[in-house]
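Welcome, and thank you for taking a look at this structure. Please keep the sequence and the 3D view open side by side as you read the notes below.

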Amino acid sequence: MTRVHNFSAGPGVLPESVLQQCQEAIWEFSGSGLGLLETSHRSPPFEAVIQSAVARLGRLLGVSETHEILFLTGGASAQFYMVPMNLLRQGRATYLETGTWSTKAIREARRFGQIDVPFTSTERVPGPTEWGDVPPGTAYLHYTSNNTIMGTEYHHLPRTDVPLVVDASSNMLSRPWPDAAHDILYAGAQKNLGPAGVTVVAIRRELLDACDPELPTLLRYPVHAEKDSMFNTPPTFPIFVVERVCAWIEEQGGLPAIGARNDQKAQKLYQILDGSEFWQGKASPDSRSRMNITFSTGDPALDTRLHTAAAKEGLSGLKGHRSVGGLRASIYNACPPEAVDALADFMTTFERTHG
Ligand SMILES: Cc1ncc(COP(=O)(O)O)c(C=O)c1O
């Protein structure tokens with residue numbers, strides 16, 4: 001069976017060279033005679049992996065000097081409650097609501113304090129200060145940098161005086177971005193960073209002192225920071241893959257090169273959507289995602305025909321999220337330009353035959 005082009009929203013496509021290194025490491029790892037899955041997290045070979053993963057992520061995000069990098073579990077969804085549990089302490093926070101995942105983050109945060117939601121839209125993201133001032137006493141501002149389901153993305157940093165928290169699950173490390181301006185960045189790995197099973201969290205060191213000390217141990221950021229993500233057994237294999245993906249990003253020329261390539265890929269598909277009445281793009285043009293291109297033919301039956309026919313031609317994962325329907329092409333870092341070219345050709349032919 002040959003591999004097909006993968007447009008899945010996540011778990012998503014990974015670099016082929018990384019997959020090959022995974023195959024080898026599962027069998028035998030670092031000259032130890034043991035496979036990676038059978039290797040202790042306290043062994044020197046794995047310690048080297050996690051230290052390298054921290055160093056590479058710190059370098060790529062530009063936060064080595066300022067933030068602790070943690071490898072946690074429970075997905076980005078666990079961060080929806082860990083952030084407010086640690087920082088809210090019955091106070092208030094502001095959330096920008098730009099689609100399903102931010103709505104879920106808001107729902108969890110409301111269990112722990114007052115949540116102000118001054119902006120809501122599923123078609124676009126707000127301008128840098130569009131929501132106005134946050135109320136006095138606001139502990140932090142939370143936003144979702146890329147809305148995986150809606151296909152919208154911030155192209156500017158939200159401006160605020162309070163600590164800034166971002167769910168960057170579907171666009172972390174996809175472009176040069178002022179990551180260091182955030183106090184907490186978190187991402188489930190399974191889109192741009194690696195496989196499902198690990199969540200990357202970068203938290204500003206000074207913020208650790210503000211975290212609630214009364215929480216259960218496993219929910220406290222300072223505990224994970226102090227124990228170098230080894231308070232309990234961390235997800236060793238996903239961390240290995242994240243380390244290899246970061247090495248791959250650095251080999252590609254780092255975020256400037258990755259970002260330029262991602263821009264070109266997205267541009268190619270948006271040009272098709274803009275080029276004819278046949279297609280309907282779902283996101284407002286100034287908020288379009290470079291990671292998840294959401295669109296439709298306007299006819300649900302025709303959309304189904306498209307993703308079914310595409311799958312038969314080796315273009316997998318184009319069905320839109322079940323909550324919104326339509327079509328979605330997820331073109332994360334590791335999605336090669338050739339895959340996007342193949343999709344563009346397919347769309348052009350589909351339009352010719354069905355338009
Ligand atoms: C932006 C965003 N946030 C959060 C999540 C939830 O992540 P997880 O499944 O790792 O909990 C997702 C999943 O797709 C996502 O795209």
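Strand 8 (residues 164-167) and strand 9 run parallel and are joined by 3 bridges. The model you are looking at is predicted.

- How many residues of strand 9 (residues 184-188) are buried? The count is 5 of its 5 residues, so the strand is described as mostly covered, with a residue counting as buried if 20 or more other C-beta atoms lie within 10 Å of its own.
- Both faces of strand 9 are covered: on one side Ile184, Tyr186 and Gly188 are buried, and on the other Leu185 and Ala187 are buried too.

- An open sheet is formed by 3 strands in the order 11-12-14, with antiparallel pairing.
- Strand 11 and strand 14 (327-330) are the edge strands, each pairing on one side only.
- Strand 11 is joined to strand 12 (residues 292-296) by 2 bridges, and these two strands run antiparallel.
- Helix 8 packs on this sheet and touches strand 11, strand 12 and strand 14. The direction of helix 8 makes about 15° with that of strand 12.

**A closer look at Gln280**

- Gln280 is found in strand 11 (residues 280-281), and its bridge partner in strand 12 is Ser296.
- Although Gln280 and Ser296 are 16 residues apart along the chain, their C-alpha atoms are separated by 5.2 Å.
- Leaving aside residues up to four places away in sequence, Gln280 touches Phe295, Ser296 and Gly298.
- Why is Gln280 classed as partly exposed? It has 14 other C-beta atoms within 10 Å, and this class lies between exposed, at 12 or fewer, and buried, at 20 or more.

**Helix 8 with helix 10**

- The axes of helix 8 (residues 254-274) and helix 10 (residues 337-354) come within 10 Å and cross at roughly 0°.
- That angle makes helix 8 roughly parallel to helix 10, since angles under 35 degrees count as roughly parallel.
- Helix 8 brings Arg261, Gln264, Lys265, Lys268, Leu269 and Ile272 to the contact, while helix 10 brings Pro337, Val340, Leu343, Ala344, Met347 and Thr348.
- Sorted by class, the contact of helix 8 with helix 10 has 7 nonpolar, 2 polar and 3 charged residues.

**Helix 3 with helix 4**

- How do helix 3 (residues 75-87) and helix 4 (residues 100-109) cross, and at what angle? Their axes come within 8 Å and cross at roughly 40°.
- Helix 3 and helix 4 are therefore oblique to each other, and their crossing is right-handed.
- On the helix 3 side the contact is made by Phe80, Tyr81 and Pro84, and on the helix 4 side by Lys104, Ala105, Glu108 and Ala109.
- In the contact of helix 3 with helix 4 there are 5 nonpolar and 2 charged residues, and no polar ones.

Technical notes. Residues numbered from 1 in each chain as written. Predicted model: local features only at pLDDT ≥ 70, side-chain atom pairs only at ≥ 80, totals over all residues. Axes fitted to C-alpha atoms, helices over the stretch in contact; angles between N-to-C directions. Helix = DSSP H or I, 4+ residues; strand = E, 2+ residues; numbered from the N terminus. Parallel < 35°, antiparallel > 145°, perpendicular 65-115°, else oblique. Contact = placed C-beta atoms within 7 Å. Nonpolar A, V, L, I, M, F, W, Y, C, P; charged D, E, K, R; others polar. Left-handed = near helix turned anticlockwise from the far one by under 90°. Pairing = 2+ DSSP bridges.
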